[in-house]
Amino acid sequence: MRKLPNRTQSRVFNRRAALMGLGQAGLTLALAGRLYYLQVLQADKYKLLADENRINLRLLPPSRGLIYDRFGLPLADNYPNYRAMLVAEQTEDLAATLADFAEIVPITERERAKIMKELSRNRPFTPIPVKEDLDWEQVSRVEINLPDLPGISIEVDQKRVYPFGGISAHLLGYVAAPNEKDLESDNDPLLSLPGIRIGKNGLERQYESPLRGQAGQSELEVNSVGRVIRELAREEGTPGKDLVTSLDIGLQQFVQQRISAEFSAAAVIMDIYNGDIFAMASTPTFDPSAFYRGLTAGEWQQLTSDEYRPLTNKAIAGQFAPGSTFKIATAIAAQKVGVSPSFSVFCPGFYQLGNMRFHCWRKQGHGHLDMPGALQNSCDVYFYELSRTIGIDAISAGAKELGLGDYAGLDLPGEKPGVIPSRAWKKSTLGQSWHPGETLINGIGQGFVLATPLQLCMMTARVANGGYAVKPHLFKAAEPASVEGPSAFPKMDLDQNWLDVVKEGMDRVCNVPRGTAYNARIPIPGMEMAGKTGSAQVRRITMAERATGVRKNEDLPWKQRDHALFVAFAPVHEPRYACCVTVEHGGGGAANAAPIARDIMIETQRRDPARRNPNNEGGRREMP
Amino acid sequence: MGLGPQLGVSARNRMTWRDKVAQMSWPMVFLIGCIASIGFAMLYSAAHGSADPWMDRQAARFAVGLAMMFAVAMIDLKTLMRFVYPAYLVSILLLVWVDFAGEVGMGAQRWIDLGVVQLQPSEIMKITLVMTLARYFHGLSYEDVGRPLSLVVPTLLVLIPAALVLKQPDLGTAGMLMMVAAAMFIAVGVRWWKFGLVVAMGIGIAYYAWNSPDILHDYQKARIMTFMDPESDLQGTGYHITQSKIALGSGGVWGKGFLQGTQSHLDFLPERQTDFIFTMYAEEFGMVGGLVLLGLYVLLVAYGVVIAIRCKSQFGRLLAYGLSFNLFCYFFINTAMVMGLIPVVGVPLPLISYGGTVLMTVLIGFGLVMSVNIHRDQRIGRRLGNEDA
């Protein structure tokens with residue numbers, strides 16, 4: 001067989017095909033290696049990325065805890081909020097759907113603009129709120145017409161409602177959308193939810209964390225454009241805990257209404273043994289629901305520029321010179337350093353210290369007085385002398401023991417500490433040394449002394465309960481076993497006799513014809529109260545004015561009138577309730593604060609919230 | 001793997017239908033069936049567990065294609081050779097037609113709408129070019145191949161269709177045409193230095209063009225860059241390849257299970273029924289599934305190469321080799337592209353990707369390889385008709 005060229009061709013072909021085969025095998029191995037790299041070495045990374053792609057976590061807001069008064073009436077409640085939602089892709093003609101909807105439920109031009117903005121910002125399958133807070137009639141009309149409203153659906157979420165509105169506004173505060181600062185300081189992912197509201201003030205803020213609860217989570221599988229395919233897992237959140245307060249909303253209502261006759265006033269009623277606050281009112285008040293829906297700039301301006309400061313809870317944040325109510329503290333402080341209650345002073349109507357003359361409120365003087373008598377008459381001269389005798393530091397120590405000059409520790413944000421001066425205090429804050437004359441005016445609750453109505457109420461309670469360092473609070477323990485009895489508070493280093501002297505004086509203030517508050521006494525047997533008036537001067541009365549006659553409060557502009565104060569406890573012989581009424585620039589305490597306190601004390605004892613408490617019966621020990 | 005019973009040389013030239021059916025490469029048919037079945041399963045999965053709209057149509061085309069494959073396998077090589085040049089001419093005309101009147105798809109003109117079917121002439125060209133080169137080289141002796149002038153005609157035979165395809169623009173197919181042609185040039189024994197020369201010249205021209213502002217404007221360069229490296233385009237192709245890698249990687253060793261591929265079923269994966277079908281497959285069946293499929297392709301290619309080696313005629317040898325190499329290019333480019341090894345150039349995965357023309361041409365290609373196997377002992381002269389070369 002002759003050598004065919006074909007043989008060379010096939011030899012070359014075989015050789016080269018084998019060579020190419022090696023190359024092809026190498027490339028195929030590279031593919032296999034790449035698969036190994038991606039699917040084994042990098043698998044975890046890509047699995048994570050795939051899950052990030054497909055899984056969308058959605059938070060489920062927990063329902064906010066409710067706030068109740070001591071008898072179980074809801075003060076802060078969650079109501080269903082019916083909203084109409086629109087899914088753009090479910091309607092062929094958006095404008096027509098909106099127009100049809102607007103015929104059933106009117107939509108303002110502003111709302112329409114907002115809807116259009118939301119629609120353009122979101123994917124066509126994202127539900128957009130069209131109208132919030134529909135009433136029942138609107139809901140049913142929309143429901144009936146749903147076949148003609150493609151894309152519209154009704155959704156329910158919750159809104160916060162305060163059934164008592166302004167009556168409880170200073171106590172409950174309000175909830176509102178979190179601001180930048182909230183988001184910075186709190187990294188609870190719940191805050192990023194649209195529509196979430198958090199406590200901004202009052203109990204809503206104080207107990208924000210338990211009230212808020214824990215967010216639930218829904219794991220959603222989504223596709224590449226974010227459309228939800230199905231729910232993979234759902235973990236329900238923990239609803240917020242309910243808060244039962246010590247408040248008696250009925251009493252609160254009464255107190256708020258009683259003081260609302262004044263321009264600006266505050267009142268506190270508490271249990272002298274366990275510190276329960278039954279009512280705490282501050283006037284003027286505000287409408288918390290306005291904060292929920294969001295204030296307009298004008299409304300905000302109006303609230304903040306109001307002379308009577310409606311946003312301030314004056315019961316805890318109003319610091320007033322306590323005036324003669326402070327004499328309780330001075331009397332206790334004096335006995336503490338050994339002054340006998342029979343210590344007697346003659347009041348000629350003024351007190352001479354060096355070349356300075358200090359006036360008694362009663363120009364013609366009180367004559368000879370002992371301690372209870374001085375309290376009954378609220379004699380300034382007696383307390384000038386008493387203060388001079390014991391000195392400012394002794395007064396300061398006694399006042400502080402009664403709870404003045406420091407935070408009362410109430411579970412409510414915004415509390416102010418007040419001021420109880422001493423030599424060291426003046427040195428450190430003003431850099432000046434103490435003048436003897438200042439001892440006199442501070443001893444009658446003027447000068448530097450400042451106290452909140454809450455502190456004065458607490459002071460009165462501590463005197464009335466036999467010297468226990470009771471502290472006020474707004475929570476009310478739910479379980480009878482954990483109710484704090486009076487023994488929960490330490491007994492202070494005060495002799496029962498000293499307290500009895502003060503209580504005797506306070507009894508006589510109300511219940512003896514010459515007492516400063518006799519006109520505001522409670523004439524109902526068994527409900528009689530004991531109290532102390534206070535009229536705190538806010539301006540200096542010059543010699544010239546004294547010569548021509550001191551101007552009456554009614555003749556002065558509001559800002560220059562005296563603060564009217566009254567502290568009281570009742571019933572006088574078996575005390576349970578302490579109360580403080582402060583009328584800012586209200587004039588004389590006896591005429592302007594005491595009648596309010598009387599009405600409040602009558603109502604309080606009529607309702608008797610301390611004893612009517614079902615959790616209280618049998619469980620709570622009474623003071624001997 | 002048996003290649004059928006040996007028959008005498010004289011018997012080979014006078015084969016009956018029965019002989020031919022007996023010589024049919026059944027193992028190859030089996031491999032094709034395996035890969036096509038995987039394809040059907042993946043098209044079923046791509047439609048979220050539905051035969052409609054892809055699997056049923058693909059299966060029908062496969063049935064037609066299989067019949068055509070068997071029919072083509074029956075045609076003897078000499079008869080085939082007579083149709084080679086006319087087929088080449090028709091393919092070129094179709095390419096010209098598609099360039100000027102084709103349907104735009106995927107940003108390029110690739111289809112001719114024939115009413116009943118849509119035709120992709122570039123896919124047909126892959127087969128006819130291999131046939132044409134095999135036919136041409138069949139007429140050359142080894143010494144002829146050594147003469148540079150004799151390479152002018154085959155070079156033109158390659159460059160004309162490649163240029164027409166590139167104009168569509170379809171870089172992947174143009175590249176594949178050139179690669180397959182190069183493989184055939186190598187197989188016939190074109191000297192290595194000539195390849196070296198061509199490559200060096202190519203680089204030189206590209207370098208000159210790139211740096212000469214008269215030839216390429218900056219915006220044209222930018223377009224070329226995006227074309228060459230689509231991953232730089234993060235919104236478009238870059239996003240696709242990233243999602244493809246995530247799908248592959250998250251499949252892991254054993255995969256997420258049939259119909260369970262999250263990336264594919266949640267639409268993160270683009271083109272999951274066509275170019276990126278391997279990604280979906282490897283997401284659902286993992287590395288193990290991916291290696292099995294690559295193995296099946298390798299066997300199929302190797303089978304074709306063995307048929308080529310065993311063929312007595314240069315035409316049959318080159319035809320089987322070119323078509324096998326074409327199959328290799330198909331699966332290599334497609335899988336390397338979805339794995340992020342090479343730029344995304346739009347080459348489908350043969351027998352698996354949805355698409356009628358590719359399926360038909362690939363099956364006809366297998367029919368030709370089988371014909372080579374059946375007629376491996378057929379003697380064909382340099383000049384057609386001359387039995388004793």
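Start on chain B by selecting Ala60(B), Ala63(B), Ala67(B) and Ala71(B): these are exposed residues on the face of helix H4(B) that is turned away from its buried side. Keep in mind as you go that this is a predicted model.

**Stop 1: helix H4 of chain B**

Now widen the selection to residues 55-74 of chain B, the whole of H4(B). At 1.5 Å a residue, its 20 residues should span 28 Å, and the end C-alpha atoms are 29 Å apart, which agrees. Which residues of H4(B) are buried? Pick out Met55(B), Gln58(B), Phe62(B), Gly65(B), Met69(B) and Ala73(B) to see them. Look down the axis of H4(B): these buried residues fall within an arc of 80 degrees, so they line one face of the helix.

**Stop 2: where chain B meets chain A**

Next, show both chains together. Here 40 residues of chain B are in contact with 34 residues of chain A. Which element gives the most to the side of chain B that touches chain A? Select H14(B), which contributes 10 residues, the most of any. Other elements giving two or more residues to this side include helix H9 (171-188) and helix H15 (314-338) of chain B. Colour this side of chain B by class and you will find 25 nonpolar, 12 polar and three charged residues.

**Stop 3: a sheet in chain A**

Move over to chain A and look for an open sheet of five strands, in the order E12-E11-E19-E18-E17, with antiparallel pairing. Strands E12 (277-283) and E17 (530-536) stand at the edges, each with a single partner strand, so one side of each is left without a neighbour in the sheet. From one strand to the next, the twist averages 5 degrees. Zoom in on E11 (residues 265-271) of chain A, which six bridges join to E12(A); Ala265(A), for instance, has Thr283(A) as its bridge partner.

**Stop 4: the loop at Gly447(A)**

Finish in the loop between helix H19 (436-443) and helix H20 (453-464) of chain A, where Gly447(A) sits. Gly447(A) counts as partly exposed because it has 18 C-beta neighbours inside 10 Å. Leaving aside residues up to four places away in sequence, Gly447(A) touches Glu438(A), Ile441(A) and Asn442(A). Select Gln537(A) too: Gly447(A) and Gln537(A) are 90 residues apart in sequence, with their C-alpha atoms 9.2 Å apart in space.

Terms used: Residues numbered from 1 in each chain as written. Chains lettered and ligands numbered in written order. Predicted model: local features only at pLDDT ≥ 70, side-chain atom pairs only at ≥ 80, totals over all residues. Helix = DSSP H or I, 4+ residues; strand = E, 2+ residues; numbered from the N terminus. Buried ≥ 20, exposed ≤ 12 C-beta atoms within 10 Å, placed from the backbone. Contact = placed C-beta atoms within 7 Å. Expected span 1.5 Å × (residues − 1). Arc of directions from axis to C-beta. Pairing = 2+ DSSP bridges. Axes fitted to C-alpha atoms, helices over the stretch in contact; angles between N-to-C directions. Nonpolar A, V, L, I, M, F, W, Y, C, P; charged D, E, K, R; others polar.
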